[in-house]
Amino acid sequence: MSTIADWLTLVAALIAAGVVAWLAYEIRRSTKIAEVAAAKAGEALNLARVEQATSRNLVAEAIKTRIDAQAPTITIVPHDEMRVVNDLDLPVRFPRTDEKPLHVAVGFSVINDGTATVILRRRTVPAAEHGTTESDATVLTPGQRTFVAVEVSRPLDEWRAVADAKITGDADDEEFRSGHGFDRDARVIFFCATSGDDGAADEYPFRLLGSPLQPITGDPGAYHCWGANQVIKRDLRLVADPRRRTYYLSRRRGIELPSAESVAG
């Protein structure tokens, strides 16, 4: 009997082991199937995201192309001649008790190269006196060329700081600029926009480099300055920065057209 019982026990153990092995195999197979399915689902999701981003990018590019076709085409050419506008007691001596600014007049030729009428505005940095940051609009019909005069105003202390920095070679140093209360050169920025709400706004920035003040050797605190209406023959120059075009789904609500980078992200 014991032999039969032992044999039955062995058979039962083998069956149980086979069941366990089969279950383990099925679990491993199911896990692999699940992993493959998850990987395929992940690939499909990523592909869907890429396709969605690509589609959105194509739509955005199509909108940009349409806006570009409607956007103004402007050429702005700065004139070489610049003048000091206001009279100062010369030589200019520091320290000063007044906060009188010094104004420099700059001229630009502006040409409308497009087929639509353009309303061109401008602002100066630092802002002009009395808090005015924007001039009257200049209206340009297709093909029209006009002259625009701009006054760049800056406190004498800032013009002096720029003149001194030019001597020391620090004029383009960001730490120097922020330490003197201004972080960029004096600028003239022209801007215009398309007529539609879903359009573009363009900026044409110019930087005024240098200063009309020059230190007088041997006379500390004294500076030469060009007189009113004299053409500044050196020390100042205008540099044009690249045009910046901003695309909008709605300018009124301030909603910009997403860039390709933001769509892809």
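Two strands count as paired if DSSP finds at least two bridges between them. The legends below apply this to a predicted model.

**View A. Hairpin of strands E12 and E13**. Strand E12 spans residues 244-250, and five of its seven residues are buried, so that E12 is mostly covered. Strand E13 comprises residues 255-256 and pairs with E12 in the antiparallel sense over two bridges. Ser250 is the residue that stands opposite Ile255 of E13. Four residues lie between the two strands of this hairpin, and Gly254 in the turn has a positive phi of about 70°.

**View B. Pairing of strands E8 and E12**. E12 also pairs with E8, in the antiparallel sense and over four bridges.

**View C. Edge-to-face pair of Phe108 and Phe190**. Searching the whole structure for aromatic pairs gives four. In the pair shown here, the ring centres of Phe108 and Phe190 are 5.0 Å apart and the planes meet at 80°, so the arrangement is edge-to-face; the cut-off for that class is over 60 degrees. Phe108 belongs to strand E3 (residues 101-112) and Phe190 to strand E7 (residues 186-193), so the pair ties together parts that are 82 residues apart in sequence. Both Phe108 and Phe190 are buried.

**View E. Arginine side chains over aromatic rings**. Arg123 places its charged end over the ring of Phe191, at 5.1 Å from the ring centre. In the second case, Arg154 lies over the face of Trp159, and the distance to the ring centre is 5.6 Å.

**View F. Surroundings of Asn86**. Asn86 is located in the loop between strand E1 (74-84) and strand E2 (92-93). Its relative accessibility is 13%, so Asn86 counts as buried; the cut-off is under 20%. The side chain of Asn86 reaches two backbone atoms: the oxygen of Pro101 at 3.0 Å and the nitrogen of His103, also at 3.0 Å. Leaving aside residues up to four places away in sequence, Asn86 touches Lys100, Pro101, Leu102, His103 and Ala228.

**View G. The whole protein, for reference**. The secondary structure consists of four helices and 13 strands. Of the 265 residues, 33% are buried. Among contacts with a separation of 6 or more, 71% are between residues 24 or more positions apart. The accessible surface is about 16400 Å², and carbon and sulfur atoms account for 55% of this area.

Notes: Residues numbered from 1 in each chain as written. Heavy atoms only, no water. Phe/Tyr/Trp six-rings, centres within 6.5 Å; stacked < 30°, edge-to-face > 60°. Buried < 20%, exposed > 50% of the residue type's maximum accessible area, 1.4 Å probe, protein only. Lys NZ or Arg CZ within 6 Å of the ring centre and 35° of its normal. Contact = heavy atoms within 4.5 Å. Areas by Shrake-Rupley, 256 points an atom, 1.4 Å probe, with all protein chains shown as cover. Polar contact = N/O pair within 3.5 Å; in protein donor to acceptor, adjacent residues only side chain to side chain.
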